[in-house]
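Dear colleague,

Please find below the structure I promised to pass on, together with its sequence. My notes on it follow directly after.

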Amino acid sequence: MAAAAASPALKRLDLRDPAALFETHGAEEIRGLERQVRAEIEHKKEELRQMVGERYRDLIEAADTIGQMRRCAAGLVDAVRATDQYCARLRRAGSAAPRPPRDPQPQQPSQEKFYSMAAQIKLLLEIPEKIWSSMESSRFLHAAQLYLLCCCLHKLLQLESSSSRHSPVLSRFPILIRQVAAASHFRSTILHESKMLLKRQAVSDQAVAEALCSVMLLEESSPRQALTDFLLARKAAIQKLLNQPHHGAGIKAQICSLVELLATTLSQAHALFYTLPEGLLPDPSLPCGLLFSTLDSITSQHPSGKGVGVLQDEMKLCSWFKHLPAPVVEFQPALRTLAHPISQEYLKDTLQKWIHVCNEDIRNGISSLLMYVTSTKGLAGIRDAVWGLLANESIHHSWDVVCRRLLDKPLLFWEDLMQQLFLDRLQTLTKEGFDSISSGSKELLISALRELEGSGAASGRHLHSEHNMAVFLWSESPGDLPPDAAWVSVASRAPFQGSGLSMKAQAVSPCVQSFCSALDSKLKVKLEDLLAYLPSGDPSPRQDTSSMAAESCAFDRFADAETVQETLRTHSTACIQDIADCIQAELQSIEQAIQGQQDVLDGAKLHSALFMARLCQSLGELCPHLKQCILGRSGSPEKPARDSRALKKQGKGKAQEVLPTQARWQGVKELLLQRSVTGYRVWGSAVVRVLAHGFAQSLLVDDAGSVLATATSWEELEIQEEAESGSSITSKIRLPVQPSWYVQSFLFSLCQEINRVGGHALPKVTLQEMLKSCLGQVVAAYEKLSEAKQLKKEGAFPMTQNRALQLLYDLRYLSVVLTARGEEMKSGRCRQDPRVEKVADYLETLIDPFDLDVFTPHLHSNLNRLVQRTSVLFGLVTGLENQFTPRSSTFNSQEAHNILPLASSQIRFGLLPLSMTSTRKAKSAGGSMETKAQRQVAPPALSRADDPRQAGSLFRQLVADEEDSAAPSLFKLGWLSSMTK
């Protein structure tokens, strides 16, 4: 039913309004609601019965208690009423009793004695309140005087404990018994509060003197004991200050409070206990002997002297004051022994011992406090706060005089107590920071390597660029040029503001950029934190600071700057060393994993090795804050590039002095370069091994079909020979002009692999090692072939003269291309590898000697022309050294293809216009080089700096053209040819 399903709130609403109930519900629904209500009523009745049964005993007990309270109240009211009635009867009886007659002439002396005793009792009753009032206002000396006066009153009224049982005063005034008992606790309370005041820091000299006087009066001690109490209280204050709960920002306040407490202690020791020698006039700005003057003022017994009565200003307006006896009115506390001044030797010895005892506590306390400082900037803030405190006028005023009088030497808070502790904490923070950077970088490196090795077809674009650098180099992105490239010159651009093109020119992949950026950001945070502890770059504030420190008691904040910088250099170098060691370990594991494998060129291991090689190669340039960590502020690139070039020109040819910091930076760069070369060596050895293996397989195939498949076209030449009759005979010869296909394929594959990894940024030593290794393995293949042919196995394909001629041509070509020539080429003839010569001699034995003599000049000419024509095709393989003869003033017009020899340097587009500078240089060099070109297989090698294929050659040529003012030119178009280098 709908009524049965209705909510209880709806039921109650319907029941409260019967009219609405009958309007909205039918008869059956109303009957159902009635049944529900009746059932609920019965349920409530049952609950009420259970509750009454369970709580019946409690209800009965509550009723009994209420009855007892009513009866007790009635009895109390009756008792009060009876007491009232009894008092009324007593009043009536007293008024009816007869009074004794008064004595018209009382005895005057007895009445005065009674008034005197009454006044003393009145004073005795009021002294506790005045003592508490004095203690609340921290007037402990006055409280001690009142307590001593109270003791004097006890003696006068015979209230001491020995005679209190027979005292007539106590028998007549029993309330004094409680008063005497209460007065006995004042001594310990005043002593405790006075010694607590000695432990406070912001207390005036006068307040300390009064507290010490109160202790001396109550304990009847000497000034030496007062000095001991003062120093012990301050030692306890130091320990309490160092053991307070530590809160990050409160460390500075605690250390500053400690320094201020030490300075205040010495100043107050001078003000309280030091007495001037005879004959010296006191300095109003430098008080001394305050304790003894205060004691003299409160213990002097001469009315005309310094003594002041305790009660003269307290109760002279009271009506009963005149009845007090003279000993009470003129009461002055007295010491048991005279307060002799402390000798300077004793004061000096005591203070030195106290400083020595506190020294260990202060060191341990400050060390524990500095454990809660987690940044070098926090240490610098604490140091600067201490410096500002010590430089404050209120502390360092007459500080030298105080130290000389008390200690015979200056007390150096910073140098003697804190400087080494701050340095130790700074070194710990620096080590922990760089250890964190090192561990984080190694974790990031391992993560990047695992990501590279685990990346597949679904890898991102950045990971794909690690597999194939050419994809990254030849792809366009919005960040290739900086936004302000159109109106901001390179010299005016901010340092380390590299664009995308500059990163591509250096073959720095996005993964390497992100790794270097992450490392540099961490180094930046750590460097900025440490720079807060060092002086600013402006030298003028440094001098002002030193002069201020020399004139005042403040210290030189930056005296340990060199130690901090050395700490920074040491830990930053160790951080890079850890990263380099991690990279070295990974490279060794990769080298062992790919050893002997032939399918590693597309494997992830080589990609990881290349990533680490590029990382080490770029780390020094893309992490500018690493350089600043090692070189300091001098490492920040503030000078323009043109100034650095000028310095290089001035220092050229001179032995320049290398600073230790620069030597350390050079060591870091050499370490990174070694790791980079190691990574590239792992990649290069694998590439050479795989390609040389394929080359050897193609070379050693010994069947006619394979030999014909790898053969290339030969050139037909007409030569003039002289017959025996003296007539001229024309004959035709055929010579190879191209290397075999497997030779071209080998070199082209090698160029492809080099260009795939960004060969223009590979270190020169890596390319040299690759070419040397290639040549060695190629020669080994030829040696294996020659050994196989010398055995003359049955059924083997014979070595014909044409094949031997092609093999000789291939070997000479590979030897020229893969051999890096240097200064030895200037002699006109370079020395070949003995192994190459040995194989070449064997191949020459397979050729007819007469034919060999005829073929040799033409072979050399074809070889020279082939090397020139394939130089651009094979790019970096032949680009390590300039192996071509510069263009001479004349050339062979009979050659059908003479485009490349037209250029004065190795360029791809020889027909482009050249600047007058380049043309003039070519002409000047042509005459001297023409005769040498006929004998050389390749021209002298260019240095690495002048290599036109290396990064930055375009800019070097532009600068050279600008600086060459002796060669005027209408058109500066040499950059067009340099763009293709």
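In this predicted model, the largest nonpolar core holds 216 residues, and the members that touch the most others are Ile255, Phe273, Phe695, Tyr782 and Leu818. Helix α19 (residues 413-454) supplies the largest share of this core, with 15 residues. In soluble globular proteins, nonpolar side chains tend to be buried together.

Isoleucine 255 deserves a separate word. Leaving aside neighbours within four places in sequence, Ile255 is in contact with Ile366, Leu369, Leu370, Ile382, Val386, Met418 and Phe422.

As to the chain overall, there are 39 helices and two strands. The chain has 981 residues, of which 40% count as buried. Its accessible surface comes to about 54500 Å², and carbon and sulfur atoms account for 56% of that area. Among contacts between residues at least 6 apart in sequence, 78% join residues at least 24 apart.

I also looked at helix α13, which spans residues 290-299. Its buried residues are Leu290, Leu291, Phe292, Thr294, Leu295 and Ile298. These residues pack against four helices: α6 (140-156), α10 (205-219), α11 (223-242) and α12 (250-273). An α-helix has 3.6 residues a turn, so residues three or four places apart point the same way. Within the buried set of α13, Leu291, Thr294, Leu295 and Ile298 may be viewed with that spacing in mind.

On the surface, a nonpolar patch is formed by Leu48, Met51, Val52, Tyr56 and Ile60, with about 480 Å² of accessible area together. Of these residues, Ile60 is found in helix α4 (residues 27-96). Ile60 counts as partly exposed because its relative accessibility is 37%, a value between the limits of 20% for buried and 50% for exposed.

Finally, the cysteines. The structure holds zero disulfides. In the case of cysteine 774, the closest cysteine sulfur is that of cysteine 751, 9.9 Å away, and therefore too far for a bond; a disulfide would require the two sulfur atoms to lie within 2.5 Å. Cysteine 774 is also buried, at 0% relative accessibility. Cysteine 403 is likewise buried, with a relative accessible area of 1%.

With kind regards

How values were computed. Residues numbered from 1 in each chain as written. Predicted model: local features only at pLDDT ≥ 70, side-chain atom pairs only at ≥ 80, totals over all residues. Heavy atoms only, no water. Buried < 20%, exposed > 50% of the residue type's maximum accessible area, 1.4 Å probe, protein only. Contact = heavy atoms within 4.5 Å. Core = buried A, V, L, I, M, F, W, Y, C linked by side-chain atoms within 4.5 Å. Patch = residues over 30% accessible without salt bridge, like charges linked within 9 Å, V, L, I, M, F, W, Y side chains within 5 Å. Areas by Shrake-Rupley, 256 points an atom, 1.4 Å probe, with all protein chains shown as cover. Salt bridge = Lys/Arg side-chain N within 4 Å of Asp/Glu carboxyl O.
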